[in-house]
Amino acid sequence: MKKILSVFLCLLMVFSCASALADGLKVGVSMPTKDLQRWNQDGENMKNMLEEAGFEVDLQFASNDVQQQLNQVTNMVNNGCKVVVISAVEGSSLGSALDLAKEKGVIVIAYDRLLMDSDAVSYYATFDNYKVGSVQGNYIKDALKLDEAEGPFTLEITAGDPGDNNAIYFYNGAMDVLKPYIESGKLVVKSGQQEFNDVATPSWKTETAQTRADGILSSYYADGTKLDAWLCSNDSTALGVANALDANYDGDWPIITGQDCDISNMKNLIDGKQAMSVFKDTRTLAAQVVKMIGQALNGEEVEVNDTTTYNNNVITVPSFLCEPVFGNADNWVELLIDSGYYLMGDDGYPVVKQ
């Protein structure tokens, strides 16, 4: 109930802030791909909220293609958008479009992925990405009782897309918790793969994560060695790891972390094949962005809560960080069904709202 009320109050603030100058103004929204569930939800949530506030919306998905996104954002700016909201395929690749936006006085808001190497970025809205990783790392720490148990325990690591600025925050947040136990020998990474570049997953692809996990399992765990935990930065990579375990591992199921509470992962979470997922309510993030758009267009002070963390190599971008929430098999109904994020399916598993 508290979650439902917070979402309602957030939406109420959005419409009061955004509606004053909305009529006739056009907002461009550029999402990286339709291949991951969350970007479809992010894009549609923002489009619906902006339209309800009175804006005209140009929503585009870039098929994880940098040139396509560059063309789309350029067209948004040239076609009269007063604000462009961008979740980049690759954070450093939109320079010419951002320069054009600055030249034309268009407000640029980076959405969940920081736009790098440009002073044209007005604001950044995201979740506390370091905290996401910290929640994952602390879950493994507590579940294995690393401060009390003798160990050693085995750990493998799958991080995110090296082109996504958030991926390093997720990784660092988790590794800052776990690295002392690795260095002391209580956690053992049998594959030896623990540096970010060694464990990164281009485009967050499930298939890429699965292929790498297949190789690790066949090389280091086929002899019956027990795998205790697999740190996965998000749900699409966690799904790949779980698929590899199904095919190549006969031991007790390890702890698997995740992020986003993707519908594809919820069955695994409910059935005990994924231990947890960090829920980032995209309605809250979309609502905050719509609120920021209204404030910026009204000439008001734009609400931010971080002015020091996110430097894009040119400027430190004023940011608003939403709070991530821990989810597991014990609280998923309250978190996802009661709040209206998903519907309950006839089989007892959540389904996406149509």
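Q: Hi! Which way do β5 and β11 run, parallel or antiparallel, and how many bridges join them?
A: Hi! In this predicted model, strand β5 (residues 123-127) and β11 run parallel, and four bridges join them.

Q: Nice. Which residue of β11 is the bridge partner of Tyr124?
A: That would be Ser319.

Q: And on the other strand, what is the bridge partner of Ala110 in β5?
A: Tyr124 again: in β5, Tyr124 is the bridge partner of Ala110. Strand β4 (residues 107-111) pairs with β5 over three bridges, in the parallel sense.

Q: OK, zooming out, what order do the strands of the open sheet come in?
A: The order is β2-β1-β3-β4-β5-β11, so six strands with parallel pairing form the open sheet.

Q: Which ones are the edge strands?
A: β2 (56-61) and β11, each of which pairs on one side only.

Q: How many degrees does the twist average from one strand to the next?
A: The average is 15 degrees.

Q: What about helices, which strands does α3 lie across?
A: Helix α3 (residues 66-78) lies across β1 (26-31), β2 and β3 (83-86). Relative to β1, the helix runs at about 175 degrees.

Q: Is Trp204 buried or exposed?
A: Buried: its relative accessible area is 4%, and the cut-off for buried is under 20%.

Q: And Cys261, what is its phi and where does it lie?
A: Phi of Cys261 is near 50 degrees, also positive. Cys261 belongs to the loop between β9 (255-256) and α10 (263-270), and it is buried, with a relative accessible area of 2%.

Q: Which peptide bond is cis?
A: The one from Gly151 to Pro152, with omega near 0 degrees. Pro152 lies in the loop between α5 (129-143) and β6 (153-158).

Q: Last one: how far apart are Gly192 and Ile216?
A: Their C-alpha atoms are 9.9 Å apart in space, while in sequence they are 24 residues apart. Gly192 is in the loop between β7 (187-188) and α7 (196-199), and is partly exposed at a relative accessible area of 46%.

Notes:
Residues numbered from 1 in each chain as written. Predicted model: local features only at pLDDT ≥ 70, side-chain atom pairs only at ≥ 80, totals over all residues. Heavy atoms only, no water. Helix = DSSP H or I, 4+ residues; strand = E, 2+ residues; numbered from the N terminus. Buried < 20%, exposed > 50% of the residue type's maximum accessible area, 1.4 Å probe, protein only. Pairing = 2+ DSSP bridges. Axes fitted to C-alpha atoms, helices over the stretch in contact; angles between N-to-C directions. Contact = heavy atoms within 4.5 Å.
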